[in-house]
Amino acid sequence: MKNTSTPQNQGNAIPRRNFIGGLAAAGSAFTLPSTLLGQEASQAAQPAAPLKGHFHPKGKAPSKFTIDILKKAGSTLPFDDTRDFDEQKKGLIAPMKEMKIMAEGGHVAWDMERFQFVHKQEEFDSIHPSLLRQARLNNNYGVYEVIPGIYQVRGFDLSNITFVRGKTGWIAFDPMISAETVRAAWKLFQEHVGEGLPVTAVIYSHTHGDHWGGVRGLVKEEDVRAGKVVVIAPDGFMDHTISENVYAGNAMNRRLFYQYALLLPASPHGFVDMALGKGVSAGTPGLIAPTRLVADAIEEFEVDGLKMIFQNTPNTEAPREMNTYIPSMKALWIAENVCATQHNIYTLRGAPVRDALNWSKYIAQALHRFGMEAEVMFASHHWPRWGNARVQEVLRAQRDLYAHLNNQVLHLANQGVTINQVHNVYEPPTSLKNQWHCRGYHGSVENNSRGVIQRFLGYWDGNPVNLLPPPEAESGAVFVEMMGGAEKIIAKGQELYNQGKYKVAQQIVNKLVQADPKNETAKDLLADIFEQIGYQQENAGLRNSFLAAAYELRTGIPQGAIASSSSPDVVRAMSTELFLNFLGIRMDSKKAEGMRFTINLITPDNGEKFCIEMENATLTNIEGFLAEKPDLTLTINRSDLEMSMMGAKPIEQQIKDGTAKFEGDVSILAKLAATMIEFDPRFEIMPGTKAAASAEEKADAAFEAPVGAAMCE
Ligand SMILES: [Zn+2]
């Protein structure tokens, strides 16, 4: 396959975040390059004509097996329970009329139009009926009353923004992802409810980027500094906001292309929903540091004259998170600890596995502390629950969902069920399966059960054959030879495909793709198999991952110049130690073979010092120590160092213009810089999907590894 760039990303040095978001936003205008279409026409191996209505010329319709599975699934679901639809639309004050929200850069930051297709038909044979239901529910778009004094703007981003009336103004919970979508939400809110009163406080419920990224669309930093607006967050917020996403950040970004299907257009055969909401906005992210941290397990204080009780819930949905109870309103803000889905214990984009039992216990605590009297519960995604009975019902079921998962998966593990089989064995009880909000739209029973075992036992299933697996290409070649060659494998794979045995078919055809990544017929067949498995999924991340892999097998990974830029706010939030640790990850140790030097780094404005050592082709640092005889001592204020951390100004330039002072051998810096590589999120996942780099790309030296880009969940 030749250059398979899509028009959206050709040659524009737009920020990487916009690149990723822009791809998703550009989905409805998605076109394939003519070179590929020409090649497609000559592909003799493709038996069927392009499917009408499918965005891809190689796309296939759902098979009768897939249609049967979806029909059967539909017949077992509790469709009689329509309370979610009542709750989702309750309290609508005004819908948002404009379907698009523009970004400062002139591109589309948010586009609701492309998600409307889910309402145009009663059912779709390529979408799981339960996922379709969730996708429809997530299409709320406007300003809603929760109760008098509490309002939400929903559907402007992946997350909701909530406004609570204080004594003198509005207390805002979780300002979404982008300044632009937050600004649009605030405008709509003010037109109908806000009375022109200002924002007096902002509360970040937790560390994920869809709960703080748009704060600059709501308040000015100088007002925060002047104490006019208080910004409240759980203790440890700044450390954990960035640290979760730095070390493996590039790998996580790449995996987002699968979990969130960033390349797929919104379509019955493509992207349908992101489970927590419709998608991630592509505007301008920013971060203002909190000015009031909640450190105790339970803290009670007034915010703009309104008494609030904060409950810290560390290591649940996020490393740092907190619920808030407003006693005078009997209103419980449950953050993202409880929403209208089973959440992720293991998240496909990659993150440390979460603690299901701990999560369950914090929900239990919220139930017993606040849930016994709360009359409404509202959250940062989805819609509120009204009436104490309903609040208790949801809290109790969610408590049990995570406890059951933890306990019963370990119950099975203790009887020998392994990480590679538990998803075929573990099942939640029927009473939980019959509650819509416990179903696996975002987290899935399959991934979460494997995640619990990963947390306690790790990846090994106990079979030594899985301890030291050989390279897949090597074993694949032996399998291909023994199975009688490529043609026989394709024939058998096609036979299994025709019988609807997709999970077995994928394993056989994958052997061939691993052994021979150039075999287009094999890749196309594997894509067809993945596509059917994708259509069958209730879980958005599973559907997206199978369909995204099918897309890349058929089309290749889109190439073209991309650039990334870390938001200055995000870099400021990163500790120097975290940055230095990440340099050790970026360093290619083969390039550092035999190097040996010691650098003392001193940042006088924040009183930090580091001893950085290169030894054994390993770059280490230790805070609070200095070497006695360093090869180089570098003194620079941390506030100036940030320009270099962002990649905006090389250290050499800082020395040249006198911003940084040095003693010793400054040539060490060039040696160190020469060991660094830039991570590229376009690496191959499926074999044979990487298109050859174009000349334009080779010239694209500006590409920068994403350092701690905000992760939304
Ligand atoms: Zn979220």
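This is a predicted model: local features need pLDDT of at least 70, side-chain atom pairs count only at pLDDT 80 or more; totals for chains, interfaces and linings use all residues.
1. Two strands pair if DSSP finds at least two bridges between them. In general, strands of a sheet pair through backbone hydrogen bonds, either parallel or antiparallel.

2. Next, follow strand E9. Strand E8 (residues 199–203) pairs with E9 (residues 230–234) in the parallel sense, over three bridges. Val 202 has Val 231 as its bridge partner in E9. Ile 203 has Ile 232. E9 also pairs with E10, again in the parallel sense and over three bridges. There, Ile 232 stands opposite Arg 292 of E10.

3. Is E9 mostly covered or mostly open? Mostly covered: four of its five residues are buried. As a general point, side chains in a regular strand alternate between the two faces of the sheet.

4. Turn to the aromatic rings. A search of the whole structure finds 21 aromatic pairs. One of them joins Phe 173 and Phe 378. The pair is edge-to-face, with 6.4 Å centre to centre and 80° between the planes. Phe 173 is in strand E7 (residues 170–173), and Phe 378 is in strand E15 (residues 376–378). The two are 205 residues apart, so the pair links distant parts of the chain.

5. Phe 173 is at 0% relative accessibility, so Phe 173 counts as buried. Phe 378 is also at 0%, and counts as buried.

6. A second pair has another geometry. The ring centres of Tyr 325 and Phe 370 are 4.9 Å apart. Their planes are at 25°, so the pair is stacked. The cut-off for stacked is under 30 degrees. Tyr 325 lies in strand E13 (residues 322–326), while Phe 370 lies in helix H10 (residues 356–371). The pair therefore ties together parts that are 45 residues apart in sequence. Tyr 325 counts as buried at 2% relative accessibility. Phe 370 counts as buried at 3%.

7. Rings also group. Ring pairs link Tyr 151, Phe 163, Trp 170, Trp 186 and Phe 189 into a cluster.

8. Arg 154 lies over the face of Tyr 144, at 4.1 Å from the ring centre. The charged end of Arg 254 sits over the ring of Phe 683, at 5.7 Å from its centre.

9. Last, take Ser 130. Where does Ser 130 lie? In helix H5 (residues 129–137). Ser 130 has a relative accessible area of 0%, so this residue is buried. What is Ser 130 in contact with, leaving aside its neighbours within four places in sequence? The contacts are Leu 77, Trp 436, Arg 439, Tyr 441 and Glu 538. Phe 79 is 51 residues from Ser 130 in sequence, and the two are 9.1 Å apart in space, C-alpha to C-alpha.

Terms used. Residues are numbered from 1 along each chain as its sequence is written. Side-chain values use heavy atoms; hydrogens and water are left out. Rings of Phe, Tyr and Trp (its six-membered ring) pair if their centres lie within 6.5 Å; planes under 30 degrees apart count as stacked, over 60 as edge-to-face and the rest as tilted. Buried means under 20% relative accessible area, exposed over 50%, partly exposed in between (1.4 Å probe, protein chains only). A charge sits over a ring if NZ of Lys or CZ of Arg is within 6 Å of the ring centre and within 35 degrees of the ring normal. Contact means heavy atoms within 4.5 Å.
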